Amino acid sequence: MKPFILIFLGILIRVQAFNVNIQYGFDSSGAINRSISITCEDPESDFCLKECGMKSCLVNEPPCINCSGSNSEILNIIFSKISRFYQVAKSSYVNKKAFLELIKEQKVILLDSQSPFNFFTNIAENQSLDEFNKLCPFMATQAWVVLRLDSFGFPDQPIALICENKDLKQSVYVLEELPKTPHLKYNLN
Amino acid sequence: MKKGLLRVTFLGLSVLSMVSHAFNPIEYANRAQCALDSKNPSLSTWMIIDTYNAQKMAYNYAVSSRQNPSSWVNKASVEYRIAITQLSLSIMNKILKGDLPLLPTDLNNKSGRLLNYQNIIKKCQNILQCEELDNYLSQLRQASEIDNFDKKLQVISKVDNFQSTDFIFQKKSPLSCYLVKDFSALQGHLEKAKPNAGDIELIAKAWLDQKKYITNCFSQDEKADQQNFLLQIDLNIQNLDWNRVGFDFWNTTKILTSWAWRKTSSLKQVSQTFHHLFKSTVLEESMMLIPNGCRSLTPPSCSEETLSENSIRELAKMESGNLEHFSRIPLGPEKKLVQASPPQVNSDILDFGKFENLSSWTSHFRKNLISARGLSKNRIQNGLQLMERISQNISLESLNERLLRLIELAQMNNSQAKKVLHTTCQELRLAFDSRFNFHSQDIETAFKSPVLEKINQKTDRSIKSIYSYAQQAGNLVLSHCDQASDKRLTEVDSEILKKTDYRPWAQHILFEGQPVEPMQEEERKPFDKSQMSLLWNPSVSHIEDNTLCYDQVDCLRSLVESAVEIRAAVQYASAFLKNTGEVLSSSMINPYSELMACQIYDPWIMSRRSIQNLVKDTINTVLFGWNYFPVYLDFTKGIPKVTSLEKIVEEGTLKFAPKFQNPQMQSQLLLDFGPLVGVPCSLAISNGPGAAAQMSQLPYYLTGVTVNYCDSKGQLDNKAENASTVRSEPQQNSNKCMGCTIGLVSAESVISFYNSKAVAPIKFSVQVFKTISNFLSARKDTVNIPARAQVNPEYAARVFQQYSTIPDQCVDQVSRGLACFQNLCAAQSAHEFERRTGLKVKNSTIVPRNGEFSHENSIENYAYIESDLCDGEIRFSVNCMGPENVNFDFRNLMSFEKNCQSKISQLKQELNL
């Protein structure tokens, strides 16, 4: 598939070094703002400290052009039927550094079930979380799809899925497009 | 900084300071005039703003951040509406004051100078993001910051071949903007072709009580509906040929508004709290422009895009349940256009009056629009996704095998197999069988539509290859169907065949008029339970929603269903799935916009018919009215387009009494009538003293017919004074070309003439009377003869305040967009004075310059004006030569009143006199 796979090439690994989350607040001009917070899970891990410079860092989420509305096919797929088109890569390696770089360079946004850009499912019933859970290897209590933006700031491809368990432990999984074939299931009787 | 995302300032001036409080005159037009007006650019537009996207986003944000959703939703709604308004008005203002150039609408103009622009637009029109266009617009924006025009032009001409004629220069901002709170007589033009005294009174009352109906565009008053807004933006353009630049103005506004929303930091200036979030909104889903009246925002064209955009008006109607846009098998805008009966234009075609208030109308319309757009998009996206998956997983070989198996079972008299064959074959014939051409041609056309390529974001296979697979699969099945049919294997006992054995789209056709029912999942499963299923994701354990189709035949039927759905969606896709990058506009109020563009309606048809009838009747009368010559011309077979008399004789349009039908007669007539036929004619009533005033005292009689007729090269001026006298003269006045005049004088002067001929004067006079009477009646056709009127609400209110009613003598003046004074000339003078000076006129009287007053003829008069300028009258020259022909001369503006004289000097300076 897409070039991003080159960055996420390899095998699946849980990202133990940091947790990500969404924070809501106001910027210096008083405008409301969504930020991605990265918190070092293990204070002893020098990776996270090195990348963040401190125990946690906050990165403003970039605008996602044309994401607020019913216009985007990719957002429709992500929120309402991601499992039909994407799967968790069976053998992928998450390059933690590259992943953090993407967040810091404002090239991705995180989409959860109650995202401001979810115009497609009922947010009160957390329908999209059910859909995300079809891909999470365990029953996640919270999940985020990492959506890459193109060079114009338009939504491009979902590249990863972050699943969080009830103990707030997070795992990151690389997403890849389902092969278009074969999808046939033969009845045995 | 992100690539392609220019963080630049774009607005500059405060928007509030650039908006005036003028309200454009309400323009009335009957059907024919409305059709004609569609070719001209509008000076007034409605902007519908739907804040749903902002509200939904704010709601989600509030829920996620555990805040109070309702306060966030309300705040976001107001800020969003004001942000859109401010940004749009700022861009309009920048164009109107010459900061930004006009971008042409006509991309096919070979002599067009802006070749870079034309090439970029053509290149970008089918792609979602276009860096070249962004860069082009960004350069224009940068140049717009340069104050000195010469320098600006120098810079901008490097971007493209811009010249000073590509700019508009309005000294004073001509923009005004109102938030329409509710419908009132201020939208009276939607219901009437011409206002009467009662209508004008309602306008006056609405204007005086305007707080109830309109308010400032940026008003933040609490309002029941915070989601849907209707703004009226008026342009009071001065000294500019708007017809030359108007369409380009709207085009530039639409393109730049979309661009600036996403690509500049302008949003930050117009939205303090939510600009980060608003930048992500799809602006084009939230706003649209509707010309307020019959004029247009884009040049009407007979194109798929115009037709589908204008079809949006159907979504505004109250009874919108069975709309084409929601139909499984829509006719499509072109067929709908031809098949529909001629629509009305002055009968509230958008059903405003049927709704409780404006808010419920806009809410209903936007709901329908969003539903139709969503349906259209889902049909295409889901359909393509499904078709691609099937085409990649179901080989033609396996489909063939499955069909052979079904045929084998049918041959063994398996009724289930027969039923599957029967329904499958019927659906295939309806959709893909070119021999029957129910929909095969439409489906093929839809799959070639560029709109489809533009929307398709997700499939890896090309639309062409997906459709090619569908065609091959369809042909394969149809060949089996033909054979099965020959062997009577598709014959099914009607008792076991249910409506729900068919897919809903096929039910729609086969069981017309009956409600469509969904096909149950169980009914789709193969009866022999020996086949496979096609899954969306084989690794997902959830069964529900994961199965695309069961067995090859069910998959094929799903594929066909998707093709039919896509075909339905593509019919109106141009309107709903417009590329981001340009705000949608639709000539919703004027259904004759597309009828004119497609040449289905001719606004001059009745004018021409009345004139042609007049010519015909007059000629008949003159030639035969005074004797018993048994020939008459018959133009009643539609509008004759006759190039030679020979042709009308051949066609039987020229008729003879049977006993006179002989070749000699025909050739004689040919000689006499040749130049006369098919010539449009104007009526000139001979000016005896007080002739105009005596119009009602018919009969007037003809002195003769004078037809001025040019040959094909327009070089000769043929005059026919009666049937046998046709002479050619060198053409002296090109205005006479293709025209005729009919001289009428009073009865007394002509009766003696005809009496002396000893013919049949009574018959003649009766026929003349009939002729004129027919003509005048035809000219009174209030629907099909172009007619317009306009009412300035402020003037109407002044008249009403003065008289407490609208006096009959004021109706004509007020219906011409004027206030009411001594006479039309006085009213026109007052209007011109107000227009030029901005000062309110209290009284206006006309005094003839040479002591002899005349309005009708070109005698110069003085207009004496009492105004806010000073206490006393001022005077200037005015030359009133007719209702549409008035000249003003402000150079000799003066006053005998001392207190006015100094003010006049000042005024003259301001007016550069």
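How many residues does the contact take from chain A, and how many from chain B? The contact takes 55 residues from chain A and 58 residues from chain B. Please bear in mind throughout that this is a predicted model.

I shall begin with this interface. The size of an interface is often given as the accessible area lost when the parts come together. Here, chain A and chain B bury about 5300 Å² between them, and 52% of that lies on carbon and sulfur atoms. On the chain A side, A:I32, A:E73 and A:K180 lose the most area to chain B, together accounting for 15% of what that side buries.

What of the polar groups? Between the two chains there are 21 residue pairs in polar contact, with both residues at pLDDT 80 or more. The count of salt bridges between chain A and chain B, however, is zero.

As to which parts of chain A take part, the elements giving two or more residues to the side that touches chain B are strand 1 (18-26), strand 2 (32-40), helix 3 (73-85), strand 4 (86-88) and strand 9 (184-186). Helix 3 of chain A gives the most, with eight residues. By class, this side of chain A has 22 nonpolar, 23 polar and 10 charged residues.

The largest nonpolar core has 207 residues, and the members touching the most others are B:F249, B:I312, B:W361, B:F365, B:I390, B:F432 and B:F447. Helix 4 of chain B, residues 69-96, gives the most to this core, with 13 residues. A second, separate core of 28 residues includes B:L818, B:F821, B:L869 and B:F888.

Let us take B:F432 as an example from the largest core. Leaving aside neighbours within four places in sequence, B:F432 is in contact with B:S440, B:I443, B:Y467, B:A470, B:G474, B:L478, B:V560 and B:A563.

After helix 31 comes B:S804, whose phi is positive, near 65 degrees.

Methods
Residues numbered from 1 in each chain as written. Chains lettered and ligands numbered in written order. Predicted model: local features only at pLDDT ≥ 70, side-chain atom pairs only at ≥ 80, totals over all residues. Heavy atoms only, no water. Helix = DSSP H or I, 4+ residues; strand = E, 2+ residues; numbered from the N terminus. Core = buried A, V, L, I, M, F, W, Y, C linked by side-chain atoms within 4.5 Å. Buried < 20%, exposed > 50% of the residue type's maximum accessible area, 1.4 Å probe, protein only. Contact = heavy atoms within 4.5 Å. Buried area = accessible area lost by both parts, 1.4 Å probe. Salt bridge = Lys/Arg side-chain N within 4 Å of Asp/Glu carboxyl O. Polar contact = N/O pair within 3.5 Å; in protein donor to acceptor, adjacent residues only side chain to side chain. Nonpolar A, V, L, I, M, F, W, Y, C, P; charged D, E, K, R; others polar.
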